[in-house]
Amino acid sequence: MRACGEGREFAPTAWAAGLGGVWLAFQAADVGWLLLPSLALFAALCLIALFDVRYFIIPDGPIYFLLACGLATTLVNAPGETA
């Protein structure tokens with residue numbers, strides 16, 4: 001039985017998100033304390049991808065969230081360096 005419906009175009013994006021989440025979970029030992037920010041960034045990227053597939057736009061909110069998390073992670077990860 002084939003699945004026919006409105007959400008069918010989201011299937012490749014959902015599979016890519018699922019595989020990315022599984023890969024990130026297997027990297028937990030290597031990522032260390034950055035796992036939580038990585039999961040938050042991954043969730044924001046998944047949200048952006050789903051909005052883009054559905055509406056062909058990228059909302060500003062997740063982009064600002066990515067910017068804030070990226071800057072915070074960079075500042076925390078390199079405390080001894082000055083700008």
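Predicted model: local features only at pLDDT ≥ 70, side-chain atom pairs only at ≥ 80, totals over all residues.
1. Which residues make the contact between H3 and H4? From H3 come Pro37, Ala40, Leu41, Ala44, Leu45, Leu47 and Ile48. From H4 come Pro62, Ile63, Phe65, Leu66, Cys69 and Thr73. By type, the residues of this contact are twelve nonpolar and one polar, with no charged ones.

2. Now turn to the other partner of H3 described here. Helix H1, residues 11-26, packs with H3 at an angle of about 175 degrees, and the axes are 10 Å apart. H1 and H3 are therefore roughly antiparallel to each other.

3. On the H1 side, the residues that meet H3 are Thr13, Ala17, Gly20, Gly21 and Leu24. Facing them in H3 are Leu35, Ser38, Leu39, Phe42, Cys46, Ala49, Leu50 and Val53. How many residues of the contact of H1 with H3 are nonpolar, and how many are polar? The contact has nine nonpolar and four polar residues, and again no charged ones.

4. Searching the whole structure turns up one aromatic pair. The pair is Phe51 with Tyr55: the ring centres are 5.8 Å apart and the planes stand at 45 degrees, so the pair is tilted. Both residues belong to helix H3, where Phe51 and Tyr55 are four residues apart, about one turn of the helix.

5. A friendly word on confidence, to keep beside the points above. The protein has an average pLDDT of 78, and 86% of its residues score at least 70. Where is confidence lowest, and where is it highest? The lowest mean, 76, belongs to helix H2 (residues 28-31), while helix H4 (residues 60-77) has the highest, at 84.

Definitions and conventions:
Residues numbered from 1 in each chain as written. Heavy atoms only, no water. pLDDT = per-residue confidence, 0-100. Helix = DSSP H or I, 4+ residues; strand = E, 2+ residues; numbered from the N terminus. Contact = heavy atoms within 4.5 Å. Nonpolar A, V, L, I, M, F, W, Y, C, P; charged D, E, K, R; others polar. Phe/Tyr/Trp six-rings, centres within 6.5 Å; stacked < 30°, edge-to-face > 60°. Axes fitted to C-alpha atoms, helices over the stretch in contact; angles between N-to-C directions. Parallel < 35°, antiparallel > 145°, perpendicular 65-115°, else oblique.
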